[in-house]
Amino acid sequence: MTAVFTNASFISLNEENDIYSVMVINGKEIVYLGYNTPICYDNAKVIDLNGGYVLPLINDMVYYDISHADCSVLREGERADFIVLDKNVLKESNSKILEVYIKGKKKV
């Protein structure tokens, strides 16, 4: 399944910590980070992340120390493909995890 995630700040975690506005997932792989949805994904499912901040795939999985964040769906040490936060963790601490995605699907 291909999904286009929009309305969020996708933190790339590259050397420059670039922040993008669109992320495309195919299965559990991130296939695109950018500013506009490429035409080839026009028929993909679109998921609005309501202005959150996203930490995408890091070494196959995200490991986020939730002792510094409020999270009701991800236990400390549990891994996810990416997480949606309420704040930019590069600039602010004490962020709240809003959503967790494992294998491209939202964990409820």
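Q: Two strands pair if DSSP finds at least two bridges between them; by that rule, how many bridges join β3 to strand β4?
A: This is a predicted model, in which local features need pLDDT of at least 70 and side-chain atom pairs count only at pLDDT 80 or more, while totals for chains, interfaces and linings use all residues. Residues are numbered from 1 along each chain as its sequence is written, and side-chain values use heavy atoms, with hydrogens and water left out. Strands (E, at least two residues) and helices (H or I, at least four) are DSSP runs numbered from the N terminus. Strand β4 covers residues 29-34 and runs antiparallel to β3, and the number of bridges joining them is five.

Q: How many strands does the protein have?
A: Read along the sequence, the protein follows the pattern β-β-β-β-β-β-β-β. With zero helices in the protein, the number of strands is eight.

Q: Which residue in the turn between β3 and β4 has a positive phi?
A: Within this pair of strands, Ile-25 stands opposite Ile-30 in β4. The two strands form a hairpin with two residues between them, and the turn residue with a positive phi, of about 70°, is Gly-27.

Q: Which residue in β3 is the bridge partner of Thr-2?
A: Strand β3 also pairs with strand β1 (residues 2-11), in the antiparallel sense and over four bridges. For Thr-2, the bridge partner in β3 is Asn-26.

Q: How many of the five residues of strand β3 are buried?
A: A residue is called buried under 20% relative accessible area, exposed over 50% and partly exposed in between, with a 1.4 Å probe and protein chains only. Across the 108 residues of the protein, 38% count as buried. Strand β3 (residues 22-26) is mostly covered, and its number of buried residues is four.

Q: Is Met-1 buried or exposed?
A: Met-1 is placed in the segment before β1, and, not counting residues up to four places away in sequence, it touches Ile-25, Asn-26, Gly-27 and Lys-45, where contact means heavy atoms within 4.5 Å. Met-1 and Lys-28 are 27 residues apart in sequence and 8.8 Å apart in space, C-alpha to C-alpha. Because its relative accessibility is 58%, Met-1 counts as exposed.

Q: What distance is given for the polar contact that joins the side chains of Glu-99 and Tyr-101?
A: Glu-99 has its place in strand β7 (residues 97-102) and is buried, because its relative accessible area is 13%. Leaving aside neighbours within four places in sequence, Glu-99 is in contact with Leu-49, Ile-83, Val-84 and Lys-106. A polar contact is a pair of N or O atoms within 3.5 Å; within protein, one must be able to donate a hydrogen and the other to accept it, and residues adjacent in sequence count only if both atoms are side-chain atoms. Between the side chains of Glu-99 and Tyr-101, the polar contact is 3.0 Å.

Q: What is the relative accessible area of Phe-5?
A: Rings of Phe, Tyr and Trp (its six-membered ring) pair if their centres lie within 6.5 Å, with planes under 30 degrees apart counting as stacked, over 60 as edge-to-face and the rest as tilted; by this rule the count comes to two aromatic pairs. One of them, Phe-5 and Tyr-101, is edge-to-face, at 5.3 Å centre to centre and 85° between the planes. This pair links distant parts of the chain, with Phe-5 in strand β1 and Tyr-101 in strand β7, 96 residues apart. Phe-5 is buried, because its relative accessible area is 0%.

Q: Which strand has the highest confidence?
A: Confidence is expressed as pLDDT, the predictor's value for each residue, from 0 to 100; the mean over the protein is 77, and 74% of its residues reach 70 or more. Among the strands, confidence is lowest in β8 (residues 105-106), at a mean of 76, while the highest value, 92, belongs to β2.

Q: How many contacts does the stretch of residues 59-64 have in the model, beyond near neighbours in sequence?
A: Where pLDDT is low, the predicted coordinates should not be read in detail. Over residues 59-64 the pLDDT is below 50, and the number of contacts beyond near neighbours in sequence is 21.

Technical notes
Pairing = 2+ DSSP bridges.
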